[in-house]
Amino acid sequence: MSGMVNRFLKYSLEREKKICAVLMQDGQMIKRNLLVTAMDETGFSARFPGRKRDVRIALSDVMTCAYARGDQGELE
């Protein structure tokens, strides 16, 4: 996993901010906004907007990450 992806996941977890991620699921790339709720060396738990339950995502399934729309990444 790239350092950039790791930084975005930590940013979401530590600042409780949504990020946009491109994920590989069932052989297809999908772009989703998500909030990281927990993280370890093999993957992370995330909550998708409008959902109440967290989903487990393997780090190997993350292609790239970016700030969610409207977030410029300022450190308040």
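In which helix does Ser12 lie? I found Ser12 in helix α1, which covers residues 3-15.

**Entry 1: the model.** I noted that this is a predicted model, in which local features need pLDDT of at least 70 and side-chain atom pairs count only at pLDDT 80 or more, while totals for chains, interfaces and linings use all residues. Residues are numbered from 1 along each chain as its sequence is written, and side-chain values use heavy atoms, with hydrogens and water left out.

**Entry 2: the elements.** I looked up the secondary structure, where helices (H or I, at least four residues) and strands (E, at least two) are DSSP runs numbered from the N terminus. The protein chain has one helix and five strands. Their order from the N terminus is α-β-β-β-β-β.

**Entry 3: Ser12.** Is Ser12 buried or exposed? I recorded a relative accessible area of 0% for Ser12, so this residue is buried. Buried means under 20% relative accessible area, exposed over 50%, and partly exposed in between (1.4 Å probe, protein chains only). I then listed the contacts of Ser12, a contact being heavy atoms within 4.5 Å. With neighbours within four places in sequence left aside, Ser12 touches Lys17, Ile19, Leu34, Leu35 and Val36.

**Entry 4: the whole chain.** I compared the radius of gyration, taken over C-alpha atoms, with the globule rule of 2.2 Å times the number of residues to the power 0.38. For 76 residues a compact globule would have a radius near 11 Å, and the protein chain agrees because its value is 11 Å. The C-alpha atoms fill a box of roughly 35 × 30 × 20 Å along the principal axes. Of the 76 residues in the protein chain, 32% are buried. Among contacts with a separation of 6 or more, 40% join residues 24 or more positions apart.

**Entry 5: the cysteines.** I searched for disulfides. A disulfide is a covalent bond between the sulfur atoms of two cysteines. The rule applied here is a pair of cysteine sulfur atoms within 2.5 Å. How many disulfides does this rule give? The count is zero. Cys20 is in no disulfide, and its nearest cysteine sulfur, that of Cys65, is 8.1 Å away. Cys65 likewise is in no disulfide, with the sulfur of Cys20 as its nearest cysteine sulfur. I also checked burial: Cys20 is buried because its relative accessible area is 11%, and Cys65 is buried because its value is 6%.
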